[in-house]
Amino acid sequence: MELGYIGLGKMGKNMVLRLLENGVRVVAWNRSSEPLEEVKASGAIIASDVADVVKKLKSPRLIWLMLPQGDVVEQFVEELSVLLEKDDVVIDGGNSFFKDTLRHSKTLESKGISLMDVGTSGGPSGAKEGACLMIGGPARLYEKNQSLFNIIAAPNAYKYLGQTGAGHFAKMVHNGIEYGMMQAIAEGAAILEKSNFNYNLSDVFSIYNNRSVIESRLIDWTKRAFDIDPKLTNISSTINHTGEGEWTINTAEELGIEVPVIKSSYEVRVHSAKEPENFRNKVVSAMRGQFGGHAVKKD
């Protein structure tokens, strides 16, 4: 089994290391050299550029993109549409907007190249230890590449969800749900912190995460954040955000679905930079730091 891999960020690098550990031949390229050297030391074949990735793979080729959504994915899809050949396959494992995915699919299909979209969840640790994969694309390609998905995913943590775009649509909604869940947890933590009971919040969240109705990975990550920094003194109130929450809201409006929880949690993130020392917002930021390394540290 072999795979071209473009994009060695926090998740991409760890996924490549997992692939190598499982005997997959990986031809990797990244703009910066440091992660390339790390995966090279673990057995990856390093390409000098995207064209070299294509050159070093046998036909029909399979190339995984793990890139920031938007213009970057656009650029690489255009480049690959020229470099690849009929029957080659591109997998977009990032957080592309599903409408962009449908458009990219048409661009590639015009050259006889197929696109699969794989919504990937689990953060950098999931990429190394086993991710959650939401898979869209032609059913025949899912069946052909199921052994690859089985290697990348945690046990029972991947599923074929339907035609091209279905994977990224499901991941978009996943992230919208995530916004709402994180906001509710943060609001609860803020109430506890403001009360007169002088709670040890790590203790509270430890018990929340032991057979309670709200037991979850998010609760556990919140506990870990309080273990490290009980008052979140070193965490900024600013909550960085990407496009998925807004996409979920806009798509819901197109479908006539009201999403007040997701919408309000998104608006909190948008306005968070204007609220210095907001403990509720710090909790969300701290959670993001725990599962994805996204937390904004105070200056």
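Predicted model: local features only at pLDDT ≥ 70, side-chain atom pairs only at ≥ 80, totals over all residues.
Entry 1. I looked up how helix 9 and helix 10 (residues 201–208) pack, and found an angle of about 135 degrees with the axes 11 Å apart. Angles over 145 degrees count as roughly antiparallel and those of 65 to 115 as roughly perpendicular, so helix 9 and helix 10 are oblique to each other. Their crossing is right-handed. On the side of helix 9, I listed Ile185, Ala189, Leu192 and Glu193 as making the contact. Helix 10 contributes Leu201, Val204, Phe205 and Tyr208. Sorted by class, this contact has seven nonpolar residues, no polar ones and one charged residue.

Entry 2. I next examined helix 4 (residues 71–83) against helix 5 (residues 98–109). Their axes lie 9 Å apart, and the packing angle is about 15 degrees. Angles under 35 degrees count as roughly parallel, and helix 4 and helix 5 are therefore roughly parallel to each other. Helix 4 passes helix 5 in a right-handed crossing. From helix 4, I noted Val73, Glu74, Val77, Glu78 and Ser81, which meet Arg103, His104, Thr107 and Leu108 in helix 5. By class, I recorded three nonpolar, three polar and three charged residues in the contact of helix 4 with helix 5.

Entry 3. I then turned to helix 12 (residues 244–255), which has twelve residues. From its first C-alpha to its last, helix 12 reaches 16 Å, close to the 16 Å expected at 1.5 Å a residue.

Entry 4. Last, I looked up Ser265, which is found in helix 13. Is Ser265 buried or exposed? Its relative accessibility is 1%, so Ser265 counts as buried, the cut-off being under 20%. Leaving aside neighbours within four places in sequence, I listed Tyr179, Gly180 and Gln183 as being in contact with Ser265.

Methods: Residues numbered from 1 in each chain as written. Heavy atoms only, no water. Axes fitted to C-alpha atoms, helices over the stretch in contact; angles between N-to-C directions. Helix = DSSP H or I, 4+ residues; strand = E, 2+ residues; numbered from the N terminus. Left-handed = near helix turned anticlockwise from the far one by under 90°. Contact = heavy atoms within 4.5 Å. Nonpolar A, V, L, I, M, F, W, Y, C, P; charged D, E, K, R; others polar. Expected span 1.5 Å × (residues − 1). Buried < 20%, exposed > 50% of the residue type's maximum accessible area, 1.4 Å probe, protein only.
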